[in-house]
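Work through the exercises below with the model open. Each task is followed by a solution in steps.

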Amino acid sequence: MTQLIQERFTEEVPTGQAGWLVSYADMMTILLTFMILLLSISTIAQTKYDLLVQAFTGSRAGNLHEVQEKIDRVIEEQALGGEVQTLLDDEGLKIQFSNALLFNSGSAELLPRALEVFEPIERHLVDDLGPTYGLVIEGYTDDVPVVSGRYRSNWELSTSRAIHVMERLAAAGLDRRRMSVQGFADTRPATEVDLYDTTTVDALDEAALHEVRGANRRVVIRIDALDPDLVQRLYPDADSPGDAVPESPQEIF
């Protein structure tokens, strides 16, 4: 019996019968090495990673989904479907406000109605948004030149609108170190109509032109994960980014 076992495990495999295993193992080793190399030199956006984790595991990483659901509930309760919109994709969470809701034409001062609408939304951003997320507030205008008043150009007007929204969030308690502002004036249209093309503009009737310009006047809040190194610098005493507790900002109003 012992001799049969020895013969069974010492029997040579015919040449070529399992040779493909060597090539297969070499190929898998090379592929693994290549993927490790790619991972080591690439930067994966945290939001993209969170969405990828959710797609494969069904569990939510981060809390952008939760914040979006709460803001969508505010939009539904206050019937703001045409004035406030949210979108969550691999670039983060986007909240878009129409200009008519927030500002008068040519002004960057928030309207009383805007303050009522903005308050529950800002509370979700301040109280519910994870501290590892940062906000970029973007201001936009239409193509009508600023000819008088406080602002010298649409660039200044769009930036001032973004700053006013940022200041509102800071006064509500959001750490200003997690925010930035951008002004795009009329250079990033919200529709496919290019208002820099005079031929296109001349082809629009007054109602259509008014609608296009109205769509371009807006404020957008973009929320995405902060760089981990920045989070560590902002909150060095936290055991982990998720445990970070933002400091109370100084009152700016």
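Two strands pair if DSSP finds at least two bridges between them. Helices (H or I, at least four residues) and strands (E, at least two) are DSSP runs, numbered from the N terminus. The model is predicted, so local features need pLDDT of at least 70 and side-chain atom pairs pLDDT 80 or more, while totals for chains, interfaces and linings use all residues. Residues are numbered from 1 along each chain as its sequence is written, and side-chain values use heavy atoms, without hydrogens and water.

**Exercise 1.** Find the bridge partner of lysine 94 in E5.

Solution. Start with strand E2 (residues 92–98) and strand E5 (residues 218–225), which run antiparallel and are joined by 6 bridges. Within E5, lysine 94 has arginine 222 as its bridge partner.

**Exercise 2.** Give the strand order of the sheet and explain why one side of E1 and of E4 has no neighbour there.

Solution. The order is E1-E2-E5-E3-E4, in an open sheet of 5 strands with mixed pairing. E1 (84–89) and E4 are at the edges with a single partner strand each, so one side of each lacks a neighbour in the sheet.

**Exercise 3.** Determine the handedness of the unit made by E3, helix H7 and E4.

Solution. First, strands E3 (residues 133–140) and E4 (residues 179–183) pair in the parallel sense over 5 bridges; glycine 139 has glycine 183 in E4 as its bridge partner.

Notes. Right-handed = clockwise from strand over helix to strand, strands pointing away.
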